[in-house]
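Dear colleague,

I am handing over the structure we spoke about, and below it you will find my notes on how its chains meet. Please read them with the coordinates open beside you.

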Amino acid sequence: MTTATEMEPKKDTSELSVRDGAILPLDADRCVSFFDKGHPYTFYFSRINQADWERYFSGISLSSHNEGRAQVTITDMDSAAIQLVEEKLVRVEGYRGEFQKREDWRQILPIRHTRPAAWLLRTVTASDVQSESFDPEQVEAVIDAAWGISKPGQMVLYTGLVHKFRPLTAEQKRRYCRATSETRVIGNGRNGRTVFVPKQPMLVKLYNDLIIGVEGYSIGGRKLETSEEAILQMDAYHKVIAVEQLFVGNNDANESAEEAA
Amino acid sequence: MIVVSRDAQGLKAAMLELLEMSLSPAQREEDIPETKLSPGYFARVEYLVRLEGMMKAGATFELLADEVEGLQALQSARGEFEREHPSCSGCGTPQYSAFAQRCHACGAQFKRSA
């Protein structure tokens with residue numbers, strides 16, 4: 001069940017408003033809107049499909065290296081996300097001038113606009129909303145997501161979007177753990193920089209293997225419910241955030257190597 | 001470029017480092033020894049230890065070759081650590097040295113054969 005939440009407007013960001021009992025239409029115009037210095041800007045995109053998200057996932061950079069006794073981890077999700085914005089952008093509103101007639105108009109948009117646009121496309125998080133009852137034969141992941149705008153500068157936040165999964169098998173858990181441990185080390189021999197292989201493509205496959213049904217989504221004016229519909233139509237970013245919830249809380253009793261020894 | 005999952009020697013070294021650290025946990029940050037291995041080795045060791053635990057609990061998997069070699073590397077590291085830091089027969093605590101006369105944890109006297 002989706003609900004709406006009013007949030008305090010923040011300077012130079014998007015306002016978020018949620019409608020009670022709203023259903024997220026996956027085929028609605030994909031757009032984001034935000035304020036910069038009190039002025040609203042709106043970005044309109046063509047539909048972002050699974051291949052587009054997979055290209056984004058493969059562009060995520062996560063690396064780690066030692067500096068003395070400290071371990072330094074560097075994450076870059078923004079570069080790939082800004083590239084996604086530039087690839088899928090069809091038009092913008094809120095600007096002056098005729099720059100959209102240029103062939104390279106997407107590349108001349110300021111970073112202080114493309115970055116919040118990229119962030120708003122990825123505003124999908126685990127939800128605080130919980131179902132009132134549960135089915136012991138399935139596992140629910142509930143997420144909130146910003147999608148579409150109610151007016152310039154104000155996006156709609158859908159809360160309580162439910163994804164229902166079969167329980168994880170030991171083999172699937174192992175696949176996840178193996179994927180997150182898969183790394184390469186470059187430069188400086190064994191003490192070089194560790195580059196982590198993106199796990200999101202594996203998570204999308206896992207979502208498709210486990211999903212039973214969803215609540216809170218529609219397509220073509222019809223509620224999306226079955227696993228087949230979810231596999232074909234669900235936004236891949238929503239898939240990743242939803243299925244990742246199955247692993248939250250599983251790492252709290254991590255055995256260190258010395259305990260296992 | 002090193003593919004960590006296939007570097008059994010590196011994984012063994014990472015496991016040995018962790019076992020050595022467990023022998024005398026550092027009380028202060030400046031006492032933590034610098035590691036000679038990139039973080040990816042420890043991430044992989046963590047996975048292999050978790051895999052071991054799942055198998056000990058009864059789960060069965062078709063293991064990949066690099067997983068088998070990684071598990072062997074962990075066992076080899078434990079064997080080497082045990083030789084250098086034998087456990088007290090009384091309380092089981094690994095000793096700082098194979099030549100210790102008395103257990104540093106329970107005080108038990110070790111008998112050495114002539």
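**The interface of chain B and chain A**

In this predicted model, 34 residues of chain A are in contact with 39 residues of chain B. Between them the two chains bury about 2,900 Å², and carbon and sulfur atoms account for 58% of that area.

Turning to the polar side of the interface, 13 residue pairs across it are in polar contact, counting pairs in which both residues have pLDDT 80 or more. The salt bridges between chain B and chain A number 4, and one that can be named joins the side chains of Glu67(B) and Arg174(A), with a distance of 2.4 Å from N to O.

As for which elements of chain B take part, those that give two or more residues to the side touching chain A are β1 (2-3), α1 (8-23), α2 (39-56) and α3 (65-84). Of these, α2(B) supplies the largest share of that side, namely 12 residues. By residue class, the side of chain B that touches chain A is made up of 21 nonpolar, 11 charged and 7 polar residues.

The strand β1(B) deserves a separate look, for it pairs with strand β11 of chain A (residues 183-186) in the antiparallel sense, over 2 bridges. Within this pairing, Ile2(B) of β1(B) is the bridge partner of Val185(A).

With best regards

Definitions and conventions
Residues numbered from 1 in each chain as written. Chains lettered and ligands numbered in written order. Predicted model: local features only at pLDDT ≥ 70, side-chain atom pairs only at ≥ 80, totals over all residues. Heavy atoms only, no water. Contact = heavy atoms within 4.5 Å. Buried area = accessible area lost by both parts, 1.4 Å probe. Polar contact = N/O pair within 3.5 Å; in protein donor to acceptor, adjacent residues only side chain to side chain. Helix = DSSP H or I, 4+ residues; strand = E, 2+ residues; numbered from the N terminus. Nonpolar A, V, L, I, M, F, W, Y, C, P; charged D, E, K, R; others polar. Pairing = 2+ DSSP bridges.
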